[in-house]
Amino acid sequence: MSRTTMNRTAVAISAAVLLLPLSACGGDAEAGSGSTVTVTVGYQSRTINTVTAGTLLRSLGSFEKQLNSLHDGVHYKVDWQDYATGAPITAQMTAGKIDIGSMGDFPLLINAARGKQLNKPTRLVSVTGYNLRGGLNTIVTAPGSKLASLKDLKGKKVSTSVGSAADGTLVRALQRAGIDPNSGIQKLNQQPSVGASALAAGSTDALSQFVAWPGLLAYQDKAKAIYDGARLNLPTFHGVTAREDFAKERPAVLDAFLKAQAEATDYLNDHPVDAAEKVAKATGLPAEVVYLYNGAHGVATFDPAIKPQLVSALKKDVSILKAAKLTGDVDVDSFVDDQYVKKALGATAYTKHLATKPAPAASEAWPKGASKTVPFTSPSELLRYVAGHRDTLRAAYVPDTTTGTLWFADKAVWVADGSKLLPFVAPDTAQEYVAGHGGARVVSYADALEQAS
């Protein structure tokens, strides 16, 4: 957690508390004096699925450049405010103290509900990153834990951030496993960093979180995956929300932000390794973890367009939040407003963005000192390469055989099926494959490397 985030502990309230009436509201859309206007952007530096509207955007200076190009006689100053989750961003937005914010799909719905409740409406104006199957959220447990599947979580302590996308994944996954998400587990409502510490200390049995926490803990050998959120096959995404009054009073500023976000998106897609290095430098996260999610074939796909599939998924998310008594009904159609991003990108380009699809899953190796990764057509080919370059690799990545979710090759569960070597994020998915393929068996990473070479 960054020093800035720690300094805001007082406002980092949970999603449940967020829905209670505020004691006061303050600020205005044009914070500043005279010819100077301060634009306040709330972002989550370590939630790396939002970097094109936060960490990377800030690092590139694209927003400031766009504002300087307005030439409207106003001096603009950008106040970047870093938070751990979306809840405090929403609290500050409805208090008129943040103009533009980025957060995950479930917090976006709370943002919409809270804005309507206080007559301070907000609008979803663009998307940062998404995964059409739900792979941005993962449930992990301690490395030495005997827990191997969702069914093993019955009666156990599970840490998550209530009201977050990761909480939504946990609820849905437990329901599919036949476990009541309310009474079937002991849910601990914790910030991601607190939950990670609890897992390490043994005070929780499992952790359900969003990017980049599961990948980070696995990379650090502090956790292993037991459930890949992509098993749900339901889209999950992060997006940009803006106060409606700000959007109406400062449309040129919002347009500048969205154009800058588009530039940051292009930069990430064109220079994924360099973008990962920039985000790593700004956040303290290992670049190898950033690339897992934001790389050329990473878990997240970055595109500012508000795709119909994502809007449809958002509508399905409402029932989860209602059941948890975190919101009432949410009018998703009135919350979603793509007019601003459509204008920023241009109508023709926007139509093309809506039609684009995620890059196909692929295995990748990242050699030390390289500015590009090496792609492979199969996991077996990657393993063969790794076997011959063990001392010169930063990281190796493979897509889950069932879901396509990218994972670290040395953290994956490997299955040998004849001459084929197949990776999986979690053991239960691997066991399902073995059960359906006679002769297939789970093997260690070392054995997979030996067989490949």
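Mentor: Buried means under 20% relative accessible area, and exposed means over 50%. Keep in mind that this is a predicted model. Now apply the cut-off to V289. Its relative accessibility is 0%, so V289 counts as buried.

Trainee: Where does V289 lie, and what does V289 touch?
Mentor: V289 is in helix α13, residues 287-294. Contact means heavy atoms within 4.5 Å. Leaving out residues up to four places away in sequence, V289 touches I48, A212, G215, L216, Y219 and F408. Take L216 from that list. V289 and L216 are 73 residues apart in sequence, yet their C-alpha atoms are 5.9 Å apart in space.

Trainee: Is F237 buried or exposed?
Mentor: Use the cut-off again. F237 has 1% relative accessibility, so F237 counts as buried. The residue belongs to strand β10, residues 236-243.

Trainee: What is F237 in contact with, beyond its neighbours within four places in sequence?
Mentor: The contacts are N49, G104, D105, L108, L124, V127, G129, Y130, L136, L310 and L314. For F237 and V341, they are 104 residues in sequence and 16 Å in space, C-alpha to C-alpha.

Trainee: Now the backbone. What is the phi of N119?
Mentor: It is positive, about 55°, although N119 is not a glycine. N119 lies in the loop between α6 (105-117) and β4 (122-131). With 66% relative accessibility, N119 counts as exposed.

Trainee: And what is the phi of N233?
Mentor: N233 also has a positive phi of about 55°, and N233 is not a glycine. The loop that holds N233 runs between β9 (224-228) and β10. At a relative accessible area of 44%, N233 is partly exposed. That class lies between the two cut-offs.

Trainee: Let me zoom out. How many helices and strands does the chain have?
Mentor: There are 20 helices and 18 strands. The radius of gyration of the chain is 22 Å, close to the 22 Å that the globule rule gives for 453 residues, so the chain is as compact as a globular protein of that length. Along the principal axes, the C-alpha atoms fill a box of roughly 70 × 50 × 40 Å.

Trainee: How many of the residues count as buried?
Mentor: Of the 453 residues, 58% do. Residues 24 or more positions apart account for 76% of them.

Trainee: Which residues does the UniProt domain annotation cover?
Mentor: The unreviewed UniProt entry gives "domain: SsuA/THI5-like" for residues 89-275. Such an annotation may be inferred rather than shown by experiment. In the model, that span is 42% helix and 25% strand. Its end C-alpha atoms lie 25 Å apart.

Technical notes
Residues numbered from 1 in each chain as written. Predicted model: local features only at pLDDT ≥ 70, side-chain atom pairs only at ≥ 80, totals over all residues. Heavy atoms only, no water. Helix = DSSP H or I, 4+ residues; strand = E, 2+ residues; numbered from the N terminus. Rg over C-alpha atoms; globule rule 2.2 N^0.38 Å. Buried < 20%, exposed > 50% of the residue type's maximum accessible area, 1.4 Å probe, protein only.
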